[in-house]
Amino acid sequence: MIRDKSQDKPAKLPKGVIALAPPSFRRERALIKRGVWPVAGCDEAGRGPLAGPVVAAAVVLDPKRIPKGIDDSKRLTPERREELFEQICSTASFAVAFASPARIDRDNILRASLWALTRAVHALPEMPKHVFVDGRDRLDTNCDCDAVIGGDGLVMSIAAASIIAKVSRDRLMCKLAQDCPGYGFEQHKGYSVPEHLEALDRLGPSVHHRRFFAPVIAARAKHQGLTIDDSVLAAAQLGETIEVSVALG
């Protein structure tokens, strides 16, 4: 039998596709060797959508029980995210914090996100000695903090937090879809896809929409018969109460 030696070669990626290395536990392990523990990673989900909260998560992985396959949540299928979510919850310490649309409207999306991330870190069962956070901005915490650009694809603990934040927010948006049917929150999770923009234009904003995001302002102006400037002023005068919930693991 003649063997096709071409089958022994690794499969080639399509032209133009770059293989991305998975995140590693290298930075956390270096701190552990220096006696720094606990070490947390934190990340958020939902900065871009037109509706729903920003959800932040902080995770302290157990070095002896790290689930296999942890990666940036954006690289995973929904099914794989769900599987890893359950595995991380059963092996790690974690906390989740929510910044409501009202807080986003009041503080702006960046400040609301940083607030939620800080809340998640402080809600951990044990305050970490060091925190890695995805992005450019360090957190106002009582421990050392490193901001890592692209951290959800580099640092294992941040990647784990990205999974917890993403799945937690997706599940919440499915519940909000039951409260406000017709917008399709269960499908697009509040992002500005054409189906969401069409529903927003047709139905007007819901109580879960972020009032100062441009498509929401335009929809509110249309449905209330206001100019864009009047719509912004009306939103600013609503003075909604800010509600926050935190879940511990």
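A residue is called buried when its relative accessible area is under 20%, exposed when the value is over 50%, and partly exposed in between, as calculated with a 1.4 Å probe on protein chains only. Helices (H or I, at least four residues) and strands (E, at least two residues) are DSSP runs, numbered from the N terminus. In helix H8, which covers residues 214-224, the buried residues include Val-216, Ile-217, Ala-219, Arg-220 and Ala-221. Just after H8 comes Gly-225, whose phi angle is positive, at about 65°.

The structure is a predicted model, in which local features need pLDDT of at least 70 and side-chain atom pairs count only at pLDDT 80 or more, while totals for chains, interfaces and linings use all residues. Residues are numbered from 1 along each chain as its sequence is written, and side-chain values use heavy atoms, with hydrogens and water left out.

The strands may be considered next. Two strands are said to pair if DSSP finds at least two bridges between them. Strand E4 (residues 130-134) is mostly covered, since 4 of its 5 residues are buried. Strand E1 (residues 39-45) runs parallel to E4 and is joined to it by 4 bridges. E4 is also joined to E5 by 5 bridges, and these two strands run parallel. Val-133 illustrates both pairings: this residue of E4 is the bridge partner of Cys-42, and Val-133 also stands opposite Ala-147 in E5.

The interior is described in terms of nonpolar cores. A nonpolar core is a set of buried Ala, Val, Leu, Ile, Met, Phe, Trp, Tyr and Cys residues joined through side-chain atoms within 4.5 Å. The largest such core has 23 residues, and those with the most contacts inside it are Val-59, Leu-61, Ile-70, Ile-88, Val-96, Ile-163 and Ile-164. Two or more residues come from each of strand E2 (54-60), helix H2 (78-91), strand E3 (93-99) and helix H5 (156-179). H5 gives the most to this core, contributing 8 residues. Apart from it lies another core, of 22 residues, among them Ala-56, Ile-104, Ala-123 and Cys-143. Contact, in turn, means heavy atoms within 4.5 Å. Leaving out residues up to four places away in sequence, Val-59 touches several residues, including Val-39, Ile-88, Phe-94, Ala-160 and Ile-164.

Charged side chains form a further set of interactions. Side chains of opposite charge can pair when their charged atoms come close. A salt bridge is a side-chain nitrogen of Lys or Arg within 4 Å of a carboxyl oxygen of Asp or Glu, and a search of the whole structure finds 13 of them. In one of these, the side chains of Lys-74 and Asp-152 meet at 2.9 Å, N to O. This pair links distant parts of the chain, 78 residues apart: Lys-74 is in the loop between E2 and H2, and Asp-152 is in the loop between strand E5 (144-148) and H5. Lys-74 counts as exposed, at 62% relative accessibility, whereas Asp-152 is buried, at 8%.

Other salt bridges lie within a helix. Glu-83 and Arg-80 form a salt bridge whose closest N and O atoms are 2.9 Å apart; the two are 3 residues apart in helix H2, so they are separated by about one helical turn. Glu-83 is partly exposed at 42%, and Arg-80 is partly exposed at 26%. In the salt bridge between Arg-103 and Asp-107, the closest N and O atoms are 3.1 Å apart. These residues are also separated by about one helical turn, because they are 4 residues apart in helix H3 (residues 101-107). Arg-103 is buried, with a relative accessible area of 11%, and Asp-107 is buried at 17%. Elsewhere, salt bridges that share partners join Asp-72, Lys-74 and Asp-152 into one network.

A polar atom of its side chain lies 2.6 Å from the backbone oxygen of Tyr-183. Not counting residues up to four places away in sequence, His-188 touches Tyr-183, Val-193 and His-196.

How values were computed:
A polar contact is a pair of N or O atoms within 3.5 Å; within protein, one must be able to donate a hydrogen and the other to accept it, and residues adjacent in sequence count only if both atoms are side-chain atoms.
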